[in-house]
Amino acid sequence: MAEKAEKKFPEIRFKGFSDDWEKRKLKDVIKYEQPAKYIVKSTNYDDQYKIPVLTAGKSFILGYSNENFGIKQASPDDPVIIFDDFTTGSYLIEFPFKIKSSAMKLLTLKSQNDNLHFLYYIIQNINYMPHDHSRQWISKFEKFIIKSS
């Protein structure tokens, strides 16, 4: 009898998913973008401004900017994962934003047949702690093999 971890068909499914599990590397389902064009120029934040400035660290929202250029457009229909390339902290974002640091990757789907919410859950549950101060997405995370449908 196969262990649950080795089953090709999961017992609980997201609505609309019925295929067997496939083993794939994260880099085969998620593409990353360098954040340079979304980095905030001024750190003169004010709560009266509308555009949040994010970090993948514990602070998450550093403040609000009035810069009306270089805004990453994210929404519930087109979410983005921000991934701290050094700490592996991440957040699923569903609203327009700017970022503070180039030490992040912006992760999106390679195919609309996948589900970014599900992949975010998988990333959150990868049991890995960085052992050095290196970029983790390319050196480690994108190579992890996951099961997806």
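**View 1. A four-stranded open sheet in the predicted model.** The strand order is β2-β8-β5-β6. Pairing is antiparallel. β2 (30-33) and β6 (90-93) form the edges, each pairing on one side only. On average, neighbouring strands are turned by 30° against each other, direction ignored.

**View 2. The pairing of β5 with β8.** β5 covers residues 80-84, and β8 covers residues 104-109. Four bridges join the two strands in the antiparallel sense.

**View 3. Buried residues and the start of α2.** Leu116, Phe118, Leu119, Tyr120, Ile122 and Ile123 are buried in this helix. An α-helix has 3.6 residues a turn, so residues three or four places apart point the same way. At the start of α2, Asn115 places a side-chain oxygen within 2.9 Å of the backbone nitrogen of His117.

**View 4. The protein as a whole.** Three helices and nine strands make up the secondary structure elements. Along the sequence they follow the pattern β-α-β-β-β-β-β-β-β-α-α-β. Of the 149 residues, 38% count as buried. Among contacts with a separation of 6 or more, 66% join residues 24 or more positions apart.

Technical notes
Residues numbered from 1 in each chain as written. Predicted model: local features only at pLDDT ≥ 70, side-chain atom pairs only at ≥ 80, totals over all residues. Heavy atoms only, no water. Pairing = 2+ DSSP bridges. Axes fitted to C-alpha atoms, helices over the stretch in contact; angles between N-to-C directions. Buried < 20%, exposed > 50% of the residue type's maximum accessible area, 1.4 Å probe, protein only. Polar contact = N/O pair within 3.5 Å; in protein donor to acceptor, adjacent residues only side chain to side chain. Contact = heavy atoms within 4.5 Å.
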